[in-house]
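Subject: Model handover and notes

Hello,

Please find the structure below. My notes on it follow.

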Amino acid sequence: MKAADRVNEIQEYYFSRKLKEVAKLNAEGQDIISLAIGSPDLPPSKQTIEKLCEVARMPDTHGYQPTMGTPELRKAMAGFYQRWYGVTLNPQTEILPLIGSKEGILHVTLAFVNPGDKVLVPDPGYPTYTSLSKILGAKIVNYSLCEDNNWQPDFDMLEKMDLTGVKLMWTNYPNMPTGAAADMETYVRLVAFAKEHDLVVVNDNPYSFILNEGKKCSIMQVEGAKDCCIELNSMSKAYNMPGWRVGMCVSNPKFMSWILKIKSNIDSGTFRGIQLAAAEALNDNDEAWHREYNIEVYKRRRGIAEEIMRALGCTFRQKQVGMFLWGRIPEYYVDVEELTERVLHEAGVFITPGFIFGENGKRYVRISLCAKEEKLEEALRRIRKVE
């Protein structure tokens with residue numbers, strides 16, 4: 001028996017592989033500090049947890065739930081878009097709850113891309129855009145994001161590319177891994193680009209609250225975006241609910257019906273308690289909650305992460321948003337893994353090498369802010385000892 005060909009098209013996810021190594025080092029007594037993964041370590045709001053417990057105690061809430069989500073959750077998600085982005089959505093036809101936005105990447109690709117079709121993927125970019133496209137038989141066409149252009153798409157370069165057969169273009173602003181903020185001019189140009197080239201832009205938007213003290217941006221704020229764009233959003237980051245697996249997908253009714261058709265053949269809906277608790281969070285987490293958990297906490301952590309970058313000899317842009325800090329490594333390192341492996345094995349600190357995000361990430365590292373201040377301070381002390 002042989003594995004399907006698609007198994008050979010991809011590798012095991014980098015963090016899946018590397019965390020095994022970290023676990024082995026910890027088992028040997030090394031106490032590795034992980035500053036690698038963007039999994040919020042803070043809890044959801046009190047009322048969110050209370051709602052989950054309340055619903056879980058009800059005897060009649062444990063059956064299968066509708067694939068398209070409960071009316072309460074869809075309404076809350078529409079309210080979230082109206083309240084924070086000023087975008088009006090029909091909760092019945094223009095919004096679809098997901099079991100995490102990563103699931104949405106799969107469902108959108110299945111709904112729009114045939115084997116052999118092309119998909120535009122940013123470099124650097126979230127590895128799942130590439131791996132899922134490969135699994136489903138799409139052809140990857142990378143487009144470059146560069147620091148000199150503040151990690152925004154170079155539309156002159158895009159226009160020179162052969163776009164024949166391109167069905168989807170993945171974008172991600174605020175950007176991961178680079179921390180580049182969302183830019184309304186970029187969104188406007190992306191909508192125009194999608195219409196001109198008859199493709200669908202999918203904007204992945206889970207970071208718009210974190211370390212962002214200005215206006216929250218969505219590509220759906222652009223006139224006409226709903227006709228040619230899809231946006232994914234998530235409660236994992238801004239609501240401290242990564243393990244709950246609650247995301248959302250928004251677009252026009254036709255696109256949503258195609259995605260729902262795929263989704264309904266794959267999953268059976270999220271536990272009702274999680275859905276109603278997520279609705280509670282969306283409805284009741286106010287400005288003060290978001291200020292504390294998405295700005296103040298990360299601001300304190302970010303200051304320590306910047307000191308870690310300096311201790312490593314890395315340079316970075318100050319105006320980054322999101323839950324990571326992205327920095328360029330010194331020229332005296334042959335490659336980024338020389339730095340990250342040294343930090344792991346000599347300082348006992350696990351940070352992410354940028355090569356996992358693409359060719360343009362090979363001279364960069366990423367530090368996660370999802371660690372308590374004392375852990376970040378200890379990581380800084382360890383690194384200063386070996387650098």
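**Arg74**

Arg74 is buried, at a relative accessible area of 5%; buried here means under 20% relative accessible area and exposed over 50%, with partly exposed in between (1.4 Å probe, protein chains only). This is a predicted model, in which local features need pLDDT of at least 70 and side-chain atom pairs count only at pLDDT 80 or more, while totals for chains, interfaces and linings use all residues. Residues are numbered from 1 along each chain as its sequence is written, and side-chain values use heavy atoms, with hydrogens and water left out.

Arg74 sits in helix H3 (residues 71-85). Helices (H or I, at least four residues) and strands (E, at least two) are DSSP runs, numbered from the N terminus. Contact means heavy atoms within 4.5 Å. Neighbours within four places in sequence aside, Arg74 is in contact with Met68, Gly69, Pro91, Gln92, Ile95 and Pro97. Asn294 is 220 residues from Arg74 along the chain, and their C-alpha atoms are separated by 23 Å.

The expected span of a helix is taken as 1.5 Å times one less than its number of residues. For the 14 residues of H1 (residues 14-27) this gives 20 Å, and the end C-alpha atoms are 20 Å apart, which agrees. Tyr14, Phe15, Lys18, Val22 and Leu25 are the buried residues of H1. Down the axis of H1 they fall within an arc of 80 degrees, so they line one face of the helix; the arc is that of the directions from the helix axis to the C-beta atoms. An α-helix has 3.6 residues a turn, so residues three or four places apart point the same way. On the face of H1 turned away from the buried side are the exposed residues Lys20, Lys24 and Ala27. The buried residues of H1 pack against helix H12 (336-347) and strands S11 (349-350), S12 (352-353) and S13 (364-368).

H9 (residues 253-264) has twelve residues, which should span 16 Å, and its end C-alpha atoms are 16 Å apart, in agreement. Its buried residues are Phe255, Met256, Ile259 and Lys263. Seen down the axis of H9, these fall within an arc of 95 degrees, so they line one face of the helix. They pack against strand S2 (95-98), H4, S6, helix H8 (225-228), S7 and S8.

In H5 (residues 127-135), Pro127, Thr128, Tyr129, Leu132 and Ser133 are buried. The packing partners of these residues are helix H4 (101-112) and strands S3 (118-123), S4 (139-144), S5 (166-171) and S6 (200-204). H5 is followed by Gly137, with a positive phi near 85 degrees.

**Strands**

All six residues of S7 (residues 229-234) are buried. Cys229, Glu231 and Asn233 cover one side, and Ile230, Leu232 and Ser234 the other. Two strands count as paired if DSSP finds at least two bridges between them. S6 and S7 run parallel and are joined by four bridges, with Asp204 opposite Leu232. S7 and S8 (residues 247-250) run antiparallel, also with four bridges, and Ser234 stands opposite Gly247.

Elsewhere, an open sheet of four strands has the order S9-S10-S13-S12, with antiparallel pairing. S9 (315-316) and S12 are the edges, each with a single partner strand, so one side of each has no neighbour in the sheet. Two bridges join S9 to S10 (residues 324-328), and Thr315 is opposite Arg328.

**Rings**

Rings of Phe, Tyr and Trp (its six-membered ring) pair if their centres lie within 6.5 Å; planes under 30 degrees apart count as stacked, over 60 as edge-to-face and the rest as tilted. The structure holds 21 such pairs. One of them, Trp151 with Tyr364, is edge-to-face, at 5.4 Å centre to centre and 80 degrees between the planes. Trp151 is in the loop between S4 and helix H6 (155-160) and Tyr364 is in S13, 213 residues apart. Both are buried. Ring pairs also link Phe80, Tyr81, Trp84, Tyr85, Phe209, Tyr239, Trp289 and Tyr293 into a cluster.

A charge sits over a ring if NZ of Lys or CZ of Arg is within 6 Å of the ring centre and within 35 degrees of the ring normal. Lys216 lies over the face of Phe209, 5.4 Å from the ring centre, and Arg366 over that of Phe324, at 3.7 Å.

Regards
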